[in-house]
Amino acid sequence: MKLEILNGPLDGLVFRVDRPRAVIGRDPSCEVVITGDSRVSRKHAVIYHNNNGYWLEDSKSRNGTFLEGKKVSVGVLLKSGSILKMGGTLLHFEE
């Protein structure tokens, strides 16, 4: 999968993840590390893959995770081209 940051100090940065599970957050141990946005939690959200596709799940973040402008409260299926928001950071998702 590929995630591209669309705004902020990391605008244009692309993360390619070849694992079935990727944690997104500010913590350096995350597969996708977002720095420069204090509204992103240390371990903000998880994207994981199963037989049905890629799923997004919030990790009890302080400011919430959004998919296409709607708050994610349970796991939701992602589609290529989806726009995610974590803190003030926008990300473009591609399979």
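How many residues does the hairpin that joins β5 to β6 run through? The views below take this up, along with the strands around the hairpin. The model is predicted.

**View 1. A hairpin joins β5 to β6.** The hairpin passes through two residues. Strand β5 covers residues 45–50, and strand β6 covers residues 53–58. The two strands run antiparallel, joined by six bridges.

**View 2. Strand β3 pairs with β5.** Strand β3 spans residues 21–25. Four bridges join β3 to β5, and the two run antiparallel. Look for A22: this residue stands opposite I47 in β5.

**View 3. Six strands form an open sheet.** Their order is β2-β1-β11-β10-β7-β8, and the pairing is antiparallel. The edge strands are β2 (14–16) and β8 (70–71). Each edge strand pairs on one side only.

**View 4. At one edge of the sheet, β8 meets β7.** Strand β7 holds residues 65–67. Two bridges join β7 to β8, which run antiparallel. F66 has K71 in β8 as its bridge partner.

**View 5. Y54 and F93 form an aromatic pair.** The count of aromatic pairs comes to one. Its geometry is edge-to-face, with 5.5 Å centre to centre and 65 degrees between the planes. The pair links distant parts of the chain, 39 residues apart. Y54 lies in strand β6, while F93 lies in strand β11 (residues 89–94). Y54 counts as buried because its relative accessible area is 12%, under the 20% cut-off. F93 is buried too, at 0% relative accessibility.

Note on methods: Residues are numbered from 1 along each chain as its sequence is written. This is a predicted model: local features need pLDDT of at least 70, side-chain atom pairs count only at pLDDT 80 or more; totals for chains, interfaces and linings use all residues. Side-chain values use heavy atoms; hydrogens and water are left out. Two strands pair if DSSP finds at least two bridges between them. Rings of Phe, Tyr and Trp (its six-membered ring) pair if their centres lie within 6.5 Å; planes under 30 degrees apart count as stacked, over 60 as edge-to-face and the rest as tilted. Buried means under 20% relative accessible area, exposed over 50%, partly exposed in between (1.4 Å probe, protein chains only).
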